[in-house]
Amino acid sequence: TFEKVIPEWVSKTGLEEKENSRELESTERDEGLEELLGLAKSKSSGVERVLEKGLKEKGFESVRWNILYANKEAKKNYEGFLKKALEEDWGKELRAEEERKEEEKKKAVEEQKRRFEESKRLDEEREKWNQKYLSLEEEKQKALWEEAKKNYRERGVPESFEMPKEMLMVEIREILKKRDKTE
């Protein structure tokens, strides 16, 4: 018969590969279909057929986004709405919107991280100059205190205004930074 004409290794290998490929493809499709059915509002056989066709023609991700769109927008006739959504790929708009929101979240997190790092850097710098100030002899500390008051007065802060210590420390740190650059 026909099998005897084709060498045994050709027919077995070719058939086995095709069978294995079909089984794998079928298993993947079945798992994907089950997952998609789990997302759908309706589990009817009509919806299952629509999803199976969509899965073959459009692929898993496209069908997934169209299910999410249909779940959100369909008011009645879920099966018909889902079928139309898949045909015209209405889910791509939802996908684009979700991706835009994710990008915005990502940027907000990055901005928050940047601000935190900047705040941390400023705190470390502030602490560095505070330690520099504290390491000075008491006479030099008093001289810096007076210089800071004088600088504020020159900028228009009235004599009657009692400057808070932190306000003066800001100016002292600036004086120390300027001196450090010139030394």
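Colleague: What links Tyr69, Phe81 and Trp90 into a cluster?

Modeller: Ring pairs do that. Keep in mind that this is a predicted model. A search of the whole structure turns up 3 aromatic pairs.

Colleague: Why is the pair of Tyr69 and Trp90 called edge-to-face?

Modeller: The ring centres are 6.1 Å apart, and pairing asks for centres within 6.5 Å. The planes of Tyr69 and Trp90 stand at 65 degrees, and over 60 counts as edge-to-face, so that's the label the pair gets.

Colleague: What makes you say this pair ties parts of the chain together?

Modeller: Look at where the two residues lie: Tyr69 is in helix α4 (residues 60-73), while Trp90 is in the loop between α5 (78-88) and α6 (91-135). The parts are 21 residues apart in sequence, so the pair ties them together.

Colleague: And how do you know that Phe81 and Trp90 form an aromatic pair?

Modeller: They sit 5.3 Å centre to centre, against a limit of 6.5 Å. With 65 degrees between the planes, Phe81 and Trp90 are edge-to-face.

Colleague: Is Tyr69 buried or exposed, and why?

Modeller: Buried: Tyr69 has a relative accessible area of 19%, and buried means under 20%.

Colleague: What makes you say the charged end of Arg64 sits over a ring?

Modeller: It's 5.1 Å from the centre of the Trp65 ring, and the distance cut-off is within 6 Å. Likewise, Arg155 lies over the face of Tyr152, 5.2 Å from the ring centre.

Note on methods
Residues numbered from 1 in each chain as written. Predicted model: local features only at pLDDT ≥ 70, side-chain atom pairs only at ≥ 80, totals over all residues. Heavy atoms only, no water. Phe/Tyr/Trp six-rings, centres within 6.5 Å; stacked < 30°, edge-to-face > 60°. Helix = DSSP H or I, 4+ residues; strand = E, 2+ residues; numbered from the N terminus. Buried < 20%, exposed > 50% of the residue type's maximum accessible area, 1.4 Å probe, protein only. Lys NZ or Arg CZ within 6 Å of the ring centre and 35° of its normal.
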